[in-house]
Amino acid sequence: QVQLVESGGGSVQAGGSLRLSCAASGRTFSSYAMGWFRQAPGKEREFVAGISWSGSSTYFADSVKGRFTISRDNAKNTVYLQMNSLKPEDTAVYYCAATRGLITISTMVTTWGQGTQVTVSS
């Protein structure tokens, strides 16, 4: 089973960009679908973006389509979330996730990172 460590969170003004990284330990990283979820205060954790084990398929929540991209480098055991045109409503703790099932469904996630805070000010 992999272990996940996120980095790259921070504070940015609306319209700005951030790139989150998630480094995974273990030799089986390339067998996992990877993704990002987020949780804002008082709200449930929600799916943001996902990528298949090969990187050939990507998935996005409607709220981030056209603004966020997800990619992975299996040689570096790392998945990235590039966030552009950020909005205040993107403010949340962002969690990296791994699964051998459907990455878009939180109940199928088998490994979570510790989370990284993203704050977007207006």
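Colleague: Before we start, what is a disulfide here?
Modeller: A disulfide is a pair of cysteine sulfur atoms within 2.5 Å. This is a predicted model, so local features need pLDDT of at least 70, side-chain atom pairs count only at pLDDT 80 or more, and totals for chains, interfaces and linings use all residues. Residues are numbered from 1 along each chain as its sequence is written, and side-chain values use heavy atoms, with hydrogens and water left out.

Colleague: How many disulfides by that rule?
Modeller: The count is 1 disulfide. Cysteine 22 is joined to cysteine 96, with S to S at 2.1 Å.

Colleague: Where do the two cysteines sit in the chain?
Modeller: Cysteine 22 is in strand β3 (residues 18-25) and cysteine 96 is in strand β9 (residues 92-99). They are 74 residues apart, so the pair links distant parts of the chain. Strands are DSSP runs of E, at least two residues, numbered from the N terminus.

Colleague: Left-handed or right-handed link?
Modeller: Left-handed, with -85° about the S-S bond.

Colleague: Is cysteine 22 buried or exposed?
Modeller: Buried, at a relative accessible area of 0%. Buried means under 20% relative accessible area, exposed over 50%, partly exposed in between (1.4 Å probe, protein chains only). Cysteine 96 is also buried, at 0%.

Colleague: New topic. Where is valine 118?
Modeller: In strand β11 (residues 116-121). Valine 118 is buried too, at 0% relative accessible area.

Colleague: What is valine 118 in contact with?
Modeller: Leaving aside neighbours within four places in sequence, its contacts (heavy atoms within 4.5 Å) include Leu18, Leu20, Met83 and Tyr94.

Colleague: And how far is leucine 86 from valine 118 in space?
Modeller: 9.9 Å, C-alpha to C-alpha, and 32 residues apart in sequence.

Definitions and conventions:
Helices (H or I, at least four residues) and strands (E, at least two) are DSSP runs, numbered from the N terminus.
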